[in-house]
Amino acid sequence: MVGDWRIWGKSKGKEKALEKKQAAKHKILDFMLEQKSTTKAELAKKLDLSMPTVLSNINELTEKGLVAETGEMESTGGRKARKISLQENYCYAVGVDITAHHIGMVLVDLGGGIVSWRRIRAVFRPDAAYCRELAGMVQGFYKEKAAGGKVLGAGIALPGILNKSEKILAKSHALGLENYSLNMMAQMMGMPVYFENDANAAMLAENPKKIGNAVYLSLNHTLGGAVCIGSRLFPGSNQKAGEFGHMLLVPGGRRCYCGKRGCADAYCAASVLTENGKSSLDAFMEKLGKDEEADRKWEAYLEHLAILVSNIRMVFDTDVILGGDVGGYLGAYMVELGEKVLRHSLFDLDVAYLKNCSYQREASAVGVAKHFFQELTGQL
């Protein structure tokens, strides 16, 4: 009987040791997903792990082809530490951003880099033919660009409120849909599929674990937003957190596509600059400094955006990340925008909290693709 208890005790001890090693492996992979490169010493220090635990896990991940040495760190006087990184070509994921008028596609590697991207003009239709065409475009895109590499799945970002467990787009003003089943779209894709709200997906591209607390403003054809609190997306009680596009900005103002007047979307979405998609944003930005009407429109746009940013800052008191199509152009105008924001601010002495997005192109598609890499770390 005593022998049985000893055997049981040894078995439980091995299980606990294995669980501990597995937990450490997940911590290491999660950390490395957010870093271009690191060292074994940094992993031990930052993750509070013993060096033997780090060495054991890194050796195992190296044997699997997931991790590799990628050079040496800068010397600090002693022996140079070896840099280690995830093998970017170990696997890929596809990201798709669906809007009312376009389909954006990216192929993302394990390092979070965009291997290839494509944007196609395609009017959304809630029918089987559209789903079939979409699946064909996505499959053709990744088979051409992945060059035989392992593709984990396709992430699809959509404008609107999602019931992800049921694969239902509960409400989308932008697409004119309510309680639209996404099951057909998922089935036709021929690979694992993950759906996410487009603005939430763009926030995921920014690495929430790194940024902690922030608000993301997605300045696309329509205006969306996402809130990150404590390194996690904050969806709200009814998945509506971050719907900044339909905050009242100008009482009795321009009519929004939702039917109300004065919404932020009617003043700060990219469609304001492109005449609702009649021209391209690239073409509009090219006119700045050469066309008085374009300059006036841009000045008014920045003024309204400054009011919106100031209001968001007052509510959340966090960094505000400017993303989406317009966000990709704002780097050169941050000083001008910052001055306008400060004129509306009562408490801030500077606008260091105002940030440019990490991905200036197809951020929503990148973010929703990254879901599969987080999923992978839990399976290894």
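# Briefing: salt bridges, helices and sheets

Lys-46 counts as exposed, at 53% relative accessibility (exposed is over 50% relative accessible area, buried under 20%, partly exposed in between, with a 1.4 Å probe and protein chains only). This is a predicted model, so local features need pLDDT of at least 70 and side-chain atom pairs count only at pLDDT 80 or more, while totals for chains, interfaces and linings use all residues. Residues are numbered from 1 along each chain as its sequence is written, and side-chain values use heavy atoms, with hydrogens and water left out. The structure holds 20 salt bridges and 0 disulfides.

**Salt bridges**

- Lys-46 pairs with Glu-42 in a salt bridge, with 3.3 Å between the closest N and O atoms (the cut-off is a Lys or Arg side-chain nitrogen within 4 Å of an Asp or Glu carboxyl oxygen).
- The two sit 4 residues apart in helix 2 (residues 40-47), so about one helical turn separates Glu-42 from Lys-46 (helices are DSSP runs of H or I with at least four residues, strands are runs of E with at least two, and both are numbered from the N terminus).
- That spacing makes sense because an α-helix has 3.6 residues a turn, so residues three or four places apart point the same way.
- Glu-42 is partly exposed, at 24% relative accessible area.
- Glu-60 and Lys-64 make another salt bridge, at 3.5 Å from N to O. Both ends are partly exposed: Glu-60 has a relative accessible area of 22%, and Lys-64 comes in at 39%.
- Glu-144 and Arg-118 also meet in a salt bridge, at 3.2 Å from N to O. This one ties together distant parts of the chain, with Glu-144 in helix 4 (residues 128-145) and Arg-118 in strand 5 (residues 114-121), 26 residues apart.
- Glu-144 is partly exposed at 49%, and Arg-118 is partly exposed at 28%.
- Glu-299, Glu-303, Lys-340 and Arg-343 are joined up in a network of salt bridges.

**Helix 12 and what covers it**

- In helix 12 (residues 334-343), the buried residues are Met-334, Leu-337, Gly-338, Lys-340 and Val-341. They span an arc of only 165 degrees around the axis, so they lie on the same side of helix 12 (the arc is taken from the directions between the helix axis and the C-beta atoms).
- Val-335 and Arg-343 are exposed on the other side of helix 12.
- The cover over those buried residues includes helix 10 (292-316), strand 14 (319-323) and strand 15 (354-356).
- Val-309 belongs to helix 10 and is buried, with a relative accessible area of 0%.
- Leaving out residues up to four places away in sequence, Val-309 touches Leu-217, Leu-322, Val-341, Tyr-353 and Leu-354 (contact means heavy atoms within 4.5 Å).
- Val-309 and Val-320 are 11 residues apart in sequence, and their C-alpha atoms are 7.4 Å apart in space.

- Strand 6 (residues 151-158) runs parallel to strand 10 over 5 bridges, and Leu-158 has Asn-197 in strand 10 as its bridge partner.

- Another 3 strands form an open, antiparallel sheet in the order 7-8-9. Strand 7 (161-163) and strand 9 (177-181) are at the edges with a single partner strand each, so one side of each is left without a neighbour in the sheet. Direction ignored, neighbouring strands of this sheet are turned by 15 degrees against each other on average.
- Strand 7 connects to strand 8 (residues 168-172) through 3 bridges, and Leu-162 has Leu-169 in strand 8 as its bridge partner.

**Cysteines**

- Cys-263 is buried at 1% relative accessibility. Its sulfur is 3.8 Å from the closest cysteine sulfur, in Cys-258, which is too far for a bond (a disulfide needs two cysteine sulfur atoms within 2.5 Å).
- Cys-228 is buried too, at 0% relative accessibility.

How values were computed:
Pairing = 2+ DSSP bridges. Axes fitted to C-alpha atoms, helices over the stretch in contact; angles between N-to-C directions.
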